[in-house]
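Hi there,

I am passing on the structure we talked about, and my notes follow below it. Have a look at it first, then read on.

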Amino acid sequence: MLLRTVDLSVGYGDLKIVQNVSVEVKGGEVVSLIGPNGSGKSTLIKGIVGLAKVFSGRVLLDELDVTGLPTYKLIRMGIGYVPQRLNIFPNLSVKENLEVSGSWLDKNRMRRKIQEVMDIFPEIKHKMDCKAGLLSGGERQILALARALVAEPRVLLLDEPTASLSPMMADKIFRYIRDIAFTNDIAIMIAEQNVAKALKNSDRSYVLVSGRCVSVESSKAHLSDDQLKRIYLEFMSIKPDSL
Amino acid sequence: MYTLNLPQIFFNSIITGSIFMLAAIGLSLSYSLSRFPNFAHAEYITLGGYIGFLLFEQLNMHLYIAFTASFLVSGLLSLLSYTVLFKPLQDRGAPMVYLMVASIGLGITIRHIIQQIWGGSPLTIRAVWPRWDIGPLTISGLYLYLIATVISTSIVLHLLLASTIIGKCIRAVSDNIELASSVGVNVDNVSRFVWFVGGGLAGLSGFFMVAIANAIPLLGWRLLIPAFAVTVLGGVGSFYGALIAAYTLGFAENISVIGLTALGLPTDLKMLVFFITIVVVLLAKPEGIIASIRRGLRV
């Protein structure tokens, strides 16, 4: 496994939000974390990248214990992270956003990476000198993805990558995510509110409820799992058909 | 009859604005990165002034050596205070008010140490600077040094922030510290760099203040209120905003002195300009008027 957590408990201050959760993802695989609001999906991801307090458990990257390392070191070791909101630098240009993400790479390598990433995301290619704060919601999300790729990640953690996007744009983002995982053999873990889309676009999924993992299955199995629908119905007011 | 020498007022305003700019840039940048107003910044200004006085006046060293030493010593003091005091406090989750109080305590301590070493009486650099009379304008060589310093500092800072990776990382950290860390920026190293350069520039403003007027332990404290006004008016963390705000307030101060003199009021009341600026901006546009205008113009 490229990235795995072992009995990880994460929270903020003295508050433990995620309790004893073990997840794993391998290269080329897309794994989704689903669960109702407040189930701890984002907190788990933040714990992995060192942005939330780890109470106990371990984070292993290629079987190397990286628990508690500073965020910037984890990023440089190959864990890419795209937060849910405020995931671009609005006062920097698109190009500067990409450059900052590869700030520790040598110049030529960074230029090459930016070129590669631009070829993947043509939508922002012609907006390189535009201030990132002026981009549309979808373009911002694409920039955030592009920015994470400049850092040459082996694992990519995406927190609600389609939040507040139109259904069309959300589909587009998921297509990109699958392509990135498949083409670059990157392990991708997504925390996602849009359960149907997350399950359709991932290989495996973890269901979190109240900070605990209650189910791990292939996403296909979860899609047709009546128990999962029941779990969801208990916590969210959604129609069974929408799953 | 009170006659106004407008060219001289204009020139003096540029000098005042230049001092404000050097004093405020570090305060503004460190504020935007570390998210608290550092009152000890006043003492980086004061120490820079006294170091300049020690080397240039007491030890008769060359002006450039005194100038460089002022930058380095104040920069190192700033770096040290960030590394030893403020960063550990932040790592322990200290809120802004704790950091602010710690900075006031640190400032008082440094000021008293300075007073123990050099005493509380005003100390003056006795060097005679070359002067030129150009029409109604009297220009001192010292002022030209100051203007040259500010122009070169502005160019270097502009190039640094706009064209280098460290500069872009500074802007990124200033924009969103958590995101910067999430994209692999070593926020701590960036902050150290900014604290060093900001403290160094504050030291230079102290050096010029001592050369223009004299050295007193409250030197930095007197420049701190204008520096805060520049920071607030220009927008916290905005280098270009601070640059414009420094000269705007430089002009405002000189014009207020003329007004107060004409009204027969004490010129010390000129400090009101800065207090009023801070209060009005915080009430009307807390993000800074100049920063807002620049955002509106998309520049």
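Here is a question to start with: which residues in α3(A) meet which residues in α5(A)? Please keep in mind that this is a predicted model.

On the α3(A) side they are Val94(A), Asn97(A), Leu98(A) and Ser101(A), and their counterparts in α5(A) are Leu143(A), Ala146(A), Arg147(A), Ala148(A) and Val150(A). Sorted by class, this contact has 6 nonpolar, 2 polar and 1 charged residues. Helix α3 covers residues 94–101 of chain A and helix α5 residues 137–150 of chain A; they pack at an angle of about 35°, with their axes 7 Å apart. The crossing is right-handed.

Next, the sheet. Chain A has an open sheet of 6 strands in the order β7-β8-β9-β4-β10-β11, with mixed pairing. Its edge strands are β7 (79–82) and β11 (212–218) of chain A. On average, neighbouring strands are turned by 15° against each other, direction ignored. Helix α1 (residues 41–48) of chain A packs on this sheet, where it touches β4, β8, β9 and β10 of chain A. As for β7(A) and β8(A), they pair in the parallel sense over 4 bridges, and Gly80(A) has Leu156(A) as its bridge partner in β8(A). α5(A) lies across β7 and β8 of chain A and runs at about 165° to β7(A).

Finally, the interface: 23 residues of chain A are in contact with 17 residues of chain B. On the chain A side, α2 (71–76) and α3 are the elements that give two or more residues. By class, that side has 13 nonpolar, 5 polar and 5 charged residues.

Note on methods:
Residues are numbered from 1 along each chain as its sequence is written. Chains are lettered from A and ligands numbered from 1 in the order in which they are written. This is a predicted model: local features need pLDDT of at least 70, side-chain atom pairs count only at pLDDT 80 or more; totals for chains, interfaces and linings use all residues. Axes are lines fitted to C-alpha atoms, for helices over the stretch in contact, and angles run from 0 to 180 degrees between N-to-C directions. A crossing is left-handed if the near helix is turned anticlockwise from the far one by less than a right angle, and right-handed if clockwise. Two residues are in contact if their C-beta atoms, placed from the backbone, lie within 7 Å. Ala, Val, Leu, Ile, Met, Phe, Trp, Tyr, Cys and Pro count as nonpolar, Asp, Glu, Lys and Arg as charged, and the others, Gly among them, as polar. Two strands pair if DSSP finds at least two bridges between them.
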